[in-house]
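Let's take a guided walk through a protein model, one contact at a time. Keep the picture open beside you and look for each residue as it is named.

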Amino acid sequence: PVSIVPKFPYSFRRSKVDFRAAVMKARNFGLTTATLAWMFGLLLLGTCSMTSATDEADDTNSWTASSQVKVYPSGLGDNVTIVSPLEGESPTNSSLTLLQEWCRENRQEIRKLVFSPGGLLLRGWDLEEVQQAEHLLFEAMGFDHMELFPQTFIDFNLRAQRLGVSPGLTQNKLSRDAPKASKGTMQCPHVEYGIGAYRPRVVGFFVERPPAVDGTTARVFFPEAVERLSPELYQLLAENGWWNPVARVVQPSILLHPETGLFNLQLNTFSQKLAPVTLEAYRHVRATIRPDLPEVLDVPYDGDFNYGIELVRPNGTKFELSHEYQLELFSAMFATIRLQSWEKGDMMLFDNILYGHFRMPGEQTRKLHALFAEEIDTRTLHDTATAPACVKQGATTPAPGSVETMLDQLGMGGNIYVLWTITNLLPDSVFQFAGHYLWATGGGWAAPIKEQGEDIEF
């Protein structure tokens with residue numbers, strides 16, 4: 001079995017290691033204990049059934065009442081809450097103005113919902129442009145910005161887009177476009193800004209144009225994946241730090257979610273070493289326990305990163321996680337996949353600590369925009385009482401911010417002085433020529449990350 005922990009969803013928090021030990025010891029009590037527990041459960045069943053309806057009503061009543069807005073669960077087992085205009089009411093009930101007012105009135109509940117298992121999906125509204133989605137997120141809902149890219153970098157991206165030589169994804173001030181659909185391929189699984197210590201708390205997707213065929217977004221729920229780990233792998237992660245080869249910092253291998261206390265995992269597989277491992281794990285999960293998942297032929301990655309998964313012992317020495325444990329780690333994640341299909345005008349928000357995500361196979365014409373809000377230093381997401389010494393020490397070490405980390409990996413393409421010169425001094429024809437032979441080829445800007453084998457002195 002992949003885990004000895006009973007599947008009581010989200011039933012344990014900080015005491016996970018003790019809980020696992022208790023489960024194993026409990027087996028020694030035999031049939032008597034099990035029978036008593038069973039009888040006690042039957043006595044509670046009626047009470048739980050009677051109170052569940054009341055609890056559900058209380059959750060519903062926490063939203064500000066509106067005669068034109070419907071708030072309801074998706075019904076797909078993913079805990080997603082959908083907010084839509086009521087059908088059969090005024091023809092203007094899907095207007096953006098109504099949605100903005102509703103979001104302002106429910107800021108506290110929206111925040112609580114986004115920072116909990118599930119997420120928020122706005123569907124059926126008159127959302128047509130990404131600027132409207134940006135206004136909803138930052139103005140109507142009141143989420144804070146994360147660190148913004150320098151204006152020079154944004155100006156370069158916008159000019160490259162206008163001249164048809166975009167460097168992959170185009171970064172705007174408050175959003176960027178998301179990867180296009182690709183037949184038979186899956187995007188490398190990741191969390192946003194997973195290459196650094198600082199990450200956005202909120203991930204948002206706005207659907208300007210849904211994919212022609214499939215093109216869903218897969219989300220993996222880390223707390224459930226943690227429950228699926230073997231005791232050996234869980235202990236290995238809990239007792240050692242996680243080495244980030246890009247930001248060159250030690251992070252927790254098990255991340256403690258601030259609002260719920262749930263345990264979470266690290267995920268960033270944009271690497272020549274890790275992309276094939278994710279494909280192997282995905283195929284195993286699909287062949288064994290998740291035949292409902294779509295077929296994936298490849299997980300392409302043509303960048304320069306070539307790191308694996310390295311853990312850091314409490315004394316600062318590093319060691320690589322074995323291939324077998326890597327497969328187990330990714331398999332535990334993929335077993336929790338929930339697929340999110342898209343409709344035009346959808347806007348979805350979820351927690352970047354609780355969930356990892358990736359684009360699934362599909363066909364154009366998919367056009368999604370990614371939005372990110374707030375920010376947190378993930379090195380602080382550990383239990384100070386039980387975290388290994390390297391994690392505690394790593395949290396006090398200076399680390400580059402989220403934007404600096406992203407720009408550093410671009411090499412010359414992240415140098416603001418170089419970008420200013422190219423953006424402001426080159427005529428369009430020369431800019432296009434340089435773009436075709438440098439950044440628009442997919443490789444030319446990227447600075448390879450050299451593998452470092454040295455240990456860390458604490």
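Start at D428, which counts as partly exposed because its relative accessibility is 33%; the scale calls a residue buried under 20% relative accessible area, exposed over 50% and partly exposed in between, using a 1.4 Å probe and protein chains only. Before going further, note that this is a predicted model, in which local features need pLDDT of at least 70 and side-chain atom pairs count only at pLDDT 80 or more, while totals for chains, interfaces and linings use all residues. Residues are numbered from 1 along each chain as its sequence is written, and side-chain values use heavy atoms, with hydrogens and water left out.

The side chain of D428 meets that of R162 in a salt bridge, 3.7 Å from N to O. A salt bridge here is a side-chain nitrogen of Lys or Arg within 4 Å of a carboxyl oxygen of Asp or Glu. R162 lies in helix α6 (residues 151-162) and D428 in helix α14 (residues 428-437), so this pair ties together parts that are 266 residues apart in sequence. Helices (H or I, at least four residues) and strands (E, at least two) are DSSP runs, numbered from the N terminus. R162 itself is exposed, with a relative accessible area of 55%.

The structure holds 13 salt bridges. Another of them joins D346 and R123 at 2.6 Å, N to O. D346 sits in the loop between β15 (338-340) and β16 (347-351), and R123 in the loop between β3 (119-122) and α5 (130-140), so to speak distant parts of the chain, 223 residues apart. Both D346 and R123 are buried. R123, E343 and D346 are linked in a network of salt bridges. D377 and R379 also form a salt bridge, at 2.8 Å from N to O; D377 is buried at 12% relative accessible area, and R379 is buried at 2%.

Now turn to the nonpolar residues. A nonpolar core is a set of buried Ala, Val, Leu, Ile, Met, Phe, Trp, Tyr and Cys residues joined through side-chain atoms within 4.5 Å. Of the 45 residues in the largest core, L237, L265, L329, M333 and F334 touch the most other members. Several elements each supply at least two residues of this core, among them α8 (231-238) and α10 (323-334), and the largest share, 7 residues, comes from α9.

Which residues does L237 touch, leaving aside its neighbours within four places in sequence? They are L229, W242, S253, I254, L265, L311 and L329, where contact means heavy atoms within 4.5 Å. A second, separate core of 33 residues includes M146, F205, L419 and A434.

How are α8 and α10 arranged, parallel or perpendicular? They pack at an angle of about 95°, with their axes 11 Å apart; axes are lines fitted to C-alpha atoms, for helices over the stretch in contact, and angles run from 0 to 180 degrees between N-to-C directions. The two helices are therefore roughly perpendicular, a label for angles of 65 to 115 degrees, with under 35 roughly parallel, over 145 roughly antiparallel and the rest oblique. The contact is made by E232, L233, L236 and L237 of α8 and Y325, E328 and L329 of α10.

Finally, find F115 in the loop between α4 (107-114) and β3. F115 is buried, with a relative accessible area of 4%.
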